[in-house]
Amino acid sequence: MLPRNHVHHPFRKEGLIVRLTHRGKRTSHLQVTKRFPSQVKERWSMDFLTDTLLLNGRRVRTDTVVGNRSRHRSLNGVDFTLTRTKVSASLEHVGKRGGYPKIKKVDNGTELA
């Protein structure tokens with residue numbers, strides 16, 4: 001393989017543009033550090049899991065809500081289909097029973113679209 005200068009010199013001599021290789025991704029200067037919750041009911045994380053039954057192969061959906069500070073599972077709804085009305089009703093039930101969090105953290109999955 002030729003050194004870089006030997007390859008670029010003929011291109012520049014003919015007046016052609018030399019394409020540079022893609023440089024690596026640079027780190028951002030504005031980095032926000034995530035703060036760990038200081039209170040028990042400050043932030044909940046919510047996610048959906050899917051599993052398949054061995055008996056008949058049907059998919060089972062699980063809605064899980066976990067408190068980030070206490071790691072206590074507040075909600076675990078299991079059903080074959082979890083519609084938005086079922087999820088919102090179960091969240092309301094947990095909120096009335098134990099209080100609402102300040103922040104609900106969810107991933108950018110297609111479940112909550």
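A nonpolar core is taken here as a set of buried Ala, Val, Leu, Ile, Met, Phe, Trp, Tyr and Cys residues joined through side-chain atoms within 4.5 Å, where buried denotes under 20% relative accessible area, exposed over 50% and partly exposed in between (1.4 Å probe, protein chains only). The model is predicted, and local features need pLDDT of at least 70, side-chain atom pairs count only at pLDDT 80 or more, and totals for chains, interfaces and linings use all residues. Residues are numbered from 1 along each chain as its sequence is written, and side-chain values use heavy atoms, with hydrogens and water left out.

The largest nonpolar core comprises seven residues: W44, M46, F48, V65, V87, L91 and V94. Strands β1 and β2 (residues 59-67) run antiparallel and are joined by nine bridges, pairing being assigned if DSSP finds at least two bridges between two strands. Within the hairpin of β1 and β2, which has six residues between the strands, G57 adopts a positive phi near 80°.

In α2, the buried residues are V87, S90, L91, V94 and G95. They lie on the same side of α2, because they cover an arc of only 135° around the axis, as given by the directions from the helix axis to the C-beta atoms.

How values were computed
Helix = DSSP H or I, 4+ residues; strand = E, 2+ residues; numbered from the N terminus.
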